[in-house]
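I wanted a plain record of what I looked up in this model, entry by entry. The notes follow the order in which I checked things.

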Amino acid sequence: MRTAAAQTAQAGSEASSGRRVDASMSLLVDVMTDTLDRSYAERAARAGRGRPAGPARGPRRRQRAAPLLGILAVGVLTGTAVAQVRDRSSADQGLRGELATEVAQRTRDSDALARRAAELRDDVAAVRERALGADAAGRAASERLAALAAAAATTAVRGPGVVVTLDDAPGDDPVGAQPLSGGTVPEGRVRDADVQDVVNGLWAAGAEAVAVDGQRLTALSAIRSAGEAVLVDLRPVSPPYVVEAVGDASRLEVRFVDGPSGRRLTTLTSLYGIGFDVARAEQLDLPAGGTPDLRAASPAPGGSS
Amino acid sequence: MIPALALVVGVVLGLVLEPTVPAALQPYLPIAVVAALDAVFGAVRAQLEGIFDDKVFVVSFVSNVLVAGLVVFLGDQLGVGGQLSTGVVVVLGIRIFSNAAAIRRRVFSA
């Protein structure tokens, strides 16, 4: 009976008589041709033989309800699967948005705190000025303090200098798109090492104060990268990277451009199309850098020099 | 007509109620849907050929879903879950397409 049923199921396709030529491929052929469940044909054949046409009342009702329930189950299954997938993608989206909001919020907070710290520093400086301005020794100490503070980048400074601008080669997507994704790094992208190179070149050329994208560099500043984002003192900066250096403008420019880092950047520009520009500035205003946290060191007792 | 309605009602129910699926079963849901669809297309074809049987439909529906899930589960345990899911989808997809073609031939005689 099984072969009879199989033949019924294969009605329309080629009749199988004897051994087939493609017997070794029977699995694939079965998949392609034997698509209807054989049990349908078997049950039909049994029913046709067993009892006369026209089923009884009882099974008739059951016959209508069970398939409907089955179909309903299929629908619920499909709907649940679709809802699941949608849920997952919307959850991802929501999470990303939440994180972005949090990053923006924290950045604002941190900016506000930095401003507050600068205000307080100014207050302290003003109070100190008043206290030291009373006599000659105090005034001398105050001047010395101001000079040291400027050199240590704890006060804002102003003066002539040069502005070096570094930018990614045109054609690459802006770093803002996915700076932390890590994927392949386009060749024409400015790396943290390039910014370091410029800063070191400027120091070597005689710069007295340097800031990257408005962030003053101190003796303890670090320029690093996370993913593809360049970090200055752990705060991300974005291209174009503007490096300002205060110093003797003409001397600074000549020595920087002719120095090793200037030559290296000129090479990078001609090789990869990185944007590199050096300009003199009459007056630059550099903000104060963060006060370094002294963890282990403390002022030597009694030592004023 | 009524079965089609039942299908739509089922989809809406699933979308609206969003039944919680245990996390362990989630990967098998799409496979289960494909397997169930195969059973449905088989049933429709059998109906058109006049050999539909409710018991066969329900049994084939349940067993299709279970076996498909089991195969993928086994694949997951063996580290080839993705490939086996693809295999299940391909085989069931072929069946769905040829059953749909048979249905089309019956309905439109073309």
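**Entry 1**

I note here that the model is predicted, and every value below is computed from it.

I then looked up the pairing itself. Strand 4 (residues 223-226) and strand 5 of chain A run antiparallel and share four bridges. Ala226(A) has Ala229(A) of strand 5 as its bridge partner.

**Entry 1: the hairpin of strands 5 and 6**

I moved on along chain A. Strand 5 and strand 6 of chain A also make a hairpin, with two residues between them. The two strands are antiparallel and joined by three bridges, strand 6 covering residues 235-237. I listed two of the partners: Val232(A) is bridged to Arg235(A), and Leu231(A) is bridged to Pro236(A).

I checked the turn residues for backbone angles. Asp233(A) has a positive phi of about 50° although it is not a glycine. Leu234(A) is another residue other than glycine with a positive phi, near 70°. I placed Asp233(A) in the loop between strand 5 and strand 6 of chain A, and Leu234(A) lies in that loop as well.

Asp233(A) has 17 other C-beta atoms within 10 Å and is partly exposed. Leu234(A) has 9 other C-beta atoms within 10 Å, so I logged Leu234(A) as exposed; the cut-off for exposed is 12 or fewer.

**Entry 3**

Three strands of chain A form an open sheet in the order 4-5-6, with antiparallel pairing. Strand 4 and strand 6 of chain A are at the edges with a single partner strand each, so one side of each has no neighbour in the sheet.

Which face of strand 5 is covered? In strand 5 (residues 229-232) of chain A, Val230(A) and Val232(A) make up the covered face, while Ala229(A) and Leu231(A) are on the uncovered one. I kept in mind that side chains in a regular strand alternate between the two faces of the sheet.

I also looked for a helix against this sheet. Helix 6 (residues 192-204) of chain A lies across strand 4 and strand 5 of chain A. Its direction is at about 170° to strand 4 of chain A.

**Entry 2: the other sheet of chain A**

I went on to the five-strand sheet. Its strands form an open sheet in the order 3-2-7-1-8 in chain A, and the pairing is antiparallel. Strand 3 (215-216) and strand 8 (275-286) of chain A are the edge strands, each with a single partner, so one side of each is left without a neighbour in the sheet.

Strand 2 (residues 209-212) and strand 7 (residues 241-246) of chain A are antiparallel and share four bridges. Val210(A) is opposite Ala245(A) of strand 7.

**Entry 3: chain A overall**

I took the totals next. Chain A has eight helices and eight strands. Of its 305 residues, 23% are buried. I also checked sequence separation: among contacts in chain A between residues at least 6 apart in sequence, 76% join residues at least 24 apart.

**Entry 4: confidence**

Chain B has an average pLDDT of 85, and 98% of the residues score at least 70. For the model, I noted ipTM 0.76 and pTM 0.46.

Key. Residues are numbered from 1 along each chain as its sequence is written. Chains are lettered from A and ligands numbered from 1 in the order in which they are written. This is a predicted model: local features need pLDDT of at least 70, side-chain atom pairs count only at pLDDT 80 or more; totals for chains, interfaces and linings use all residues. A residue is buried if 20 or more other C-beta atoms lie within 10 Å of its own, exposed if 12 or fewer, and partly exposed in between; C-beta atoms are placed from the backbone. Two strands pair if DSSP finds at least two bridges between them. pLDDT is the predictor's confidence in each residue, from 0 to 100. Two residues are in contact if their C-beta atoms, placed from the backbone, lie within 7 Å. Axes are lines fitted to C-alpha atoms, for helices over the stretch in contact, and angles run from 0 to 180 degrees between N-to-C directions.
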